[in-house]
Amino acid sequence: MAQTTDAPAPRAAERRPSRLGQWNSAVTSYYLLVGASLLLLVLGLVMVLSSSSVDSLASGKSPYTVFLGQAQYAMIGLPLMWLASRIRPATYKRLAWPLLGLGVVAQLLVFSPLGRSKGGNQGWIYLPGFSAQPSEALKLALVVWLGMILVRKQPMFDDWKHAAVPAIPIAGGAIGLVLLGHDLGTAMIMILLVAGALFVAGVPMRIFAGAGVLAGAVVAALAIGSTNRVGRILNFFSGTCDVTAGCYQTKHGLQALATGGWFGLGLGQSREKWSYLPEAHNDFIFAIIGEELGLIGTLLVLALFGVLAFAMFRVIARHRDPFAQIVTGGVAAWIIGQALVNMGVVVGLLPVIGVPLPLVSAGGSALITTLVALGVVISFARTEPGAAEALAARPSVVRRSLAVIGRTRA
């Protein structure tokens, strides 16, 4: 007969190790965020060079003009990303109001003599040797501010006034400033950002739904008020769209994807970039990826954004600070939502609204701000339970390199 004991049996979770092993460690979110971000950045730089060289030559410039500009922005964004990843969540809370104020002031500058119009949108400011799109910085400021204010309001969400005020009016005002410049694409991404933050914060669904209906009505009214936007929407829903006019860009984007097949024509071998596909290095760079790298290349891009999404959802699930959870939810809705919108436009699932593919498309303001936003989420990943201790316990890259050199010499 088996001998009995009074010791309690270990729980099932304690008896068997995790099936994921080290893949489910305290630093998994950190390494997935860093790895996927850098891979997308490198892929973006390569594809910007490939897709922009022909147009640069055609305009009498060096074929490396756009690429070198994008590389410079990357060199600015990466140190800022690193710096953002070292700032504690409590510091971001203290900076929320100043950041929002600076973002609003910068956005107002587009209506000053410094402002310039590009592609029909009044969303740029120009200084000697410098230009920027303030709405990108306003996205980051808004998501940090929403995290701070929604954390304070969480205990009072049962009262609709506390759940809606001041988050929705101030967020609506920030989005309204962008819409005044006729940048509907950026405004829609900001609406996704606000929705992601509100959802993760646990705002009651009646407030959530009401804000969604109001945002949809405003966007629809502004779209109807623009002949250009109405034309895009009608072209999208029309079964007889003119492929030489309203559907020209969509047609050539789909042709690029179809031409690429499974493995693509080869890096640098795109045909559509020879002045057939407008914005080949920007809004429609996903089509060039499909043409040159094939279905495998597009699936790689999807997989990397999927890794980013998984890592950010993991931060939301594991972090103990509601502020970090809410900000991460807003950043996830912003970056992943924008990526899905961009790819949806390229494959013809959505009308052309003009939003870049994060980390991949050419554009300095968008690239720098996206890298900083990811740096903020990385800082949260570094403060997950057990992550700080695990990172501190691991030897630095320099120490590991010196150890390898020492063993080699021995």
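**Around helix α11**

Visitor: What covers the buried residues of α11?
Guide: The cover includes α12 (285-318) and α13 (322-346). Helices here are DSSP runs of H or I with at least four residues, strands are runs of E with at least two, and both are numbered from the N terminus. Buried means under 20% relative accessible area, exposed means over 50%, and partly exposed lies in between, using a 1.4 Å probe and protein chains only.

Visitor: Where do these coordinates come from?
Guide: This is a predicted model, where local features need pLDDT of at least 70, side-chain atom pairs count only at pLDDT 80 or more, and totals for chains, interfaces and linings use all residues. Residues are numbered from 1 along each chain as its sequence is written, and side-chain values use heavy atoms, with hydrogens and water left out.

Visitor: OK. Which residues of α11 are buried?
Guide: Gln-249, Thr-250, His-252, Gly-253, Ala-256 and Gly-260.

Visitor: How many residues does α11 have, and what does it reach end to end?
Guide: α11 covers 248-260, which is 13 residues. From first C-alpha to last it reaches 19 Å, close to the 18 Å expected at 1.5 Å a residue. The expected span is 1.5 Å times one less than the number of residues.

Visitor: What follows α11?
Guide: Gly-261, with a positive phi near 65 degrees.

Visitor: Back to Gln-249. What is Gln-249 in contact with?
Guide: Leu-277, Pro-278, Glu-279, Phe-284 and Val-352, leaving aside neighbours within four places in sequence. Contact means heavy atoms within 4.5 Å. Gln-249 is buried, at a relative accessible area of 18%.

Visitor: Glu-279 is on that list. Where is Glu-279 found?
Guide: In the loop between α11 and α12. Glu-279 is partly exposed, at 40% relative accessible area. Its phi is near 55 degrees, a positive value in a residue other than glycine.

Visitor: Now the covering pair. At what angle do α12 and α13 pack?
Guide: About 165 degrees, with the axes 10 Å apart. Axes are lines fitted to C-alpha atoms, for helices over the stretch in contact, and angles run from 0 to 180 degrees between N-to-C directions.

Visitor: Parallel or antiparallel?
Guide: α12 and α13 are roughly antiparallel to each other. Under 35 degrees counts as roughly parallel, over 145 as roughly antiparallel, 65 to 115 as roughly perpendicular, and the rest as oblique.

Visitor: Is their crossing left-handed or right-handed?
Guide: The crossing of α12 and α13 is left-handed. That applies if the near helix is turned anticlockwise from the far one by less than a right angle; clockwise makes it right-handed.

Visitor: What is the contact of α12 with α13 by class?
Guide: It has 17 nonpolar, 4 polar and no charged residues. Nonpolar covers Ala, Val, Leu, Ile, Met, Phe, Trp, Tyr, Cys and Pro; charged covers Asp, Glu, Lys and Arg; the others, Gly among them, are polar.

Visitor: Phe-286 is in α12. What does Phe-286 touch?
Guide: Leu-257, Thr-298, Val-301, Asn-342, Met-343, Val-346, Val-347 and Leu-357, not counting residues up to four places away in sequence. Phe-286 is buried, at 5% relative accessible area. Thr-298 is 12 residues from Phe-286 in sequence and 7.2 Å away in space, C-alpha to C-alpha.

Visitor: New topic. How do α2 and α14 pack?
Guide: α2 (residues 28-58) and α14 (residues 364-382) pack at about 165 degrees, with axes 9 Å apart. They are roughly antiparallel to each other, and α2 passes α14 in a left-handed crossing. Among the contact residues are Tyr-30 and Leu-33 of α2, and Leu-374 and Arg-382 of α14. By class, the contact divides into 9 nonpolar, 2 polar and 1 charged.

Visitor: Which peptide bond is cis?
Guide: The one from Val-165 to Pro-166, with omega near 5 degrees. Pro-166 is in the loop between α6 (160-164) and α7 (167-180).

Visitor: And His-182, where is its place?
Guide: In the loop between α7 and α8 (184-201). His-182 has phi near 65 degrees, positive in a residue other than glycine. It is partly exposed, at 43% relative accessible area.

Visitor: Last one. How many helices and strands are in the chain?
Guide: 16 helices and 3 strands. Of its 410 residues, 45% count as buried.
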